[in-house]
Every structure is written in structure tokens, then in C-alpha cells.
Amino acid sequence: MEFLSYLITGISLGSIYAIIALGYTMVYGIAKMLNFAHGDVIMVGAYVSFYVTMFAGSNLLGDDPSTLASGIVALVSVLLAMAVCTVLGIVIEGLAYRPLRQAGSLAVLITAIGVSYFLQNAAQLLFGANPVNFTPVISGQLTLFGGQLRISYVALLTIAACVVIMLGLTTFTGKSRMGKAMRACSEDRGAAQLMGINVNATISMTFAIGSALAAVAGVLLCSYSPVLQPTTGSMPGIKAFTAAVFGGIGSIPGAFLGGLLLGIIEALAQAYISTQLSNTILFAVLIVVLLVKPSGLLGKYVPEKV
């Protein structure tokens, strides 16, 4: 039962990494850019949800709100966080990345790091540097086997949200008109433009979807670990990028698989080896996998013409 509890915790944590990694892998797969500011968009989404919930608690809900009222407030806070992060993602792409569309990868990387630090410092000025206690979107736990196994509802919600998002993205990219345009831009941006596809709009839509997913991940992350501060998204963003590379960056199923595996490895390493060494073990596994399969678990090797 103890192992099963750690395993479920790892799947829940990995589901958060997977949702974040889906944003990374979509942007890289279509725009061929590494958006290292993605982790800080997570933080912005969490702050929006926090302040919406706090405003509702102070002005709309009473001292003892009903479960339905609390659920509606949580849903509204997530939707508003997604809306704000969607606009933020489009603005970041238009102002910071679009002018560098033809620039080298190093210029894009430096710009992404600059945007990341800008968002962190702007959050510190707006919201303060002190950590705040985040109210989980759902509370309580499920008790099984006579109390031997306890699973929080946040963990169940996180796993369900990850599966739904992954299936929705797979269907969207495979069936919808915009999804097919995204796949065309991923294969050959020049040829897609010649065929009448609006490349700029397609890439903006990719950033919008990735940023909306970041908002969902931010709310779930802070519900899982209820402490919010301007640097909240930094380490989860790095781990999610690791998950995207681990599974095969550019692949939606790869990001999903990589996130789940990283979460399980981290949870089991913390439980059975060392809490301090869990991150070391995590990145050591990534190095071993990339040495054996450089394109990631589900990634495809693409030869480059010289």
C-alpha cells in the first residue's frame, strides 16, 4: 500500500509535468523555438487564480460557503487564469519571438531567458516577494482498503485533467483545420505558407494554447503544493522541459509519457533513496536515456541536409 501511495503521488506529479511539457513540445514542434518563459506563465496563471479566489472569498462567499459555490469560484478562477495566460502568450510571441523568426537559436534562447526574468521581476513588483498560501481548487481525499490507502482529490483531478488534455490535443492536431495547419507548419513552414496557410496566426495560436495549458498546470501545481511566489514556475518549468526532451520533444504522446515517467521517478526517489538527491537522479536518468536514444523515447530521428 505504501508503494502504491507513492506511485499514485508520482503519477499525479508527473501529470502536472506532462501538462507543462505539452506546451513546450507544441511550441518547439511548430515554431522550432524553446520558450523558457513558459514556466513563468505558469506562475502568472496561479496568481490570477489566487486573487480571483481571494476576491470571491472576501466579497461574494460567506463565512461558510457551500460546496457548489466553492466549485463555481474555482472553475471561474481557472477560466480567467487561462484567458489571461492566453493573451499573455500571444503578446510574448508577438513582441519577443516573432521579430526573431529568422534569427539564430542563440538569439531566441537569450530572449526567452530575458522574458522569463522580466515576468519574475514584474510579478515580484505586482504581487510582492513573500510566498502566499494557495487555496486548492478541491479538497478532501478518497479512502480505500479500510483507510490503508488515501488518495487526495487533487491527485485524481490532476490525473484526469492530464488525460483529457492529452486526448483533446491529439484530436485537435489530427482532425481540426487549425491542427492540420500546425502540422503543416511543423513539417515545412515555407511550403505551408505557399499553400496559403497563415504561418503567423498558426504560431500565435500555438503559443495561445500552450499558455492556456500553463495556466491549468499552475493551478494544479499550487493545489498540489500550496505555496505561491514569483519563482514558483522556474523549477517545474525546467523539469517539464526535461520531460519533453525525455519523451521526445515535438511529440504530444512523448510529452505525456515523459512527464508521467519523470513524476514517478521523482516520487520513488524521494521515498526510497533521498529527498535531496531526487533531482540529481532525475537528470541522471535523462542523460542515460539520451545517450541510448538521443531523440527521446517517442521522438523520431530526422536527418539534417547539409
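Guide: First, a term. Helices (H or I, at least four residues) and strands (E, at least two) are DSSP runs, counted from the N terminus. Keep in mind that this is a predicted model.

Start with the nonpolar patch on the surface. Its members are Met1, Leu4, Ile138, Leu142, Leu144, Phe145, Tyr153, Leu156 and Leu157. Together they have about 690 Å² of accessible area. Two elements, strand 2 (141–144) and helix 5 (153–175), each bring at least two residues to the patch. Helix 5 contributes the most, with three residues.

The cut-offs explain the label: buried means under 20%, exposed over 50%, and partly exposed lies in between.

Now the rings. A pair of aromatic rings is described by the distance of the centres and the angle of the planes. There are eight aromatic pairs in the structure. One of them joins Tyr6 and Tyr272, edge-to-face, at 5.5 Å centre to centre with 85° between the planes. It ties together distant parts of the chain: Tyr6 lies in helix 1 (residues 2–31) and Tyr272 in helix 10 (residues 252–272), 266 residues apart. The edge-to-face label follows because planes over 60 degrees apart count that way. Tyr6 has a relative accessible area of 28%, so it is partly exposed. Tyr272, at 46%, is partly exposed too. Elsewhere, ring pairs join Tyr47, Phe50, Tyr51 and Phe127 into a cluster.

Next, the interior. In soluble globular proteins, nonpolar side chains tend to be buried together. Here the largest nonpolar core has 74 residues. Within that core, Ile92, Tyr97 and Leu169 touch the most other members. Take Tyr97 and set aside residues up to four places away in sequence. Its contacts are then Met33, Asn35, Phe36, Ala37, Ile92, Val108, Thr111, Ala112 and Phe207.

Ala181 is another buried position. It belongs to helix 6 (residues 177–187). At 12% relative accessibility, Ala181 falls under the 20% limit and so counts as buried. Neighbours within four places aside, Ala181 contacts Ile197 and Thr202. Phe134 is 47 residues from Ala181 along the chain, and their C-alpha atoms are separated by 38 Å.

Last, the charged pairs. The structure has two salt bridges. In one, Arg98 meets Glu93, with the closest N and O atoms 3.1 Å apart. Arg98 is partly exposed, with a relative accessible area of 32%, whereas Glu93 is buried at 0%. In the other, the side chains of Lys239 and Glu266 meet at 3.0 Å, N to O. This pair links distant parts of the chain: Lys239 in helix 9 (residues 234–247) and Glu266 in helix 10, 27 residues apart. Lys239 has 6% relative accessibility, so it counts as buried. Glu266 is buried as well, at 5%.

Helix 10 thus takes part in two of the pairs described: Tyr272 reaches Tyr6 in helix 1, and Glu266 reaches Lys239 in helix 9.

How values were computed:
Residues numbered from 1 in each chain as written. Predicted model: local features only at pLDDT ≥ 70, side-chain atom pairs only at ≥ 80, totals over all residues. Heavy atoms only, no water. Patch = residues over 30% accessible without salt bridge, like charges linked within 9 Å, V, L, I, M, F, W, Y side chains within 5 Å. Areas by Shrake-Rupley, 256 points an atom, 1.4 Å probe, with all protein chains shown as cover. Salt bridge = Lys/Arg side-chain N within 4 Å of Asp/Glu carboxyl O. Phe/Tyr/Trp six-rings, centres within 6.5 Å; stacked < 30°, edge-to-face > 60°. Buried < 20%, exposed > 50% of the residue type's maximum accessible area, 1.4 Å probe, protein only. Core = buried A, V, L, I, M, F, W, Y, C linked by side-chain atoms within 4.5 Å. Contact = heavy atoms within 4.5 Å.
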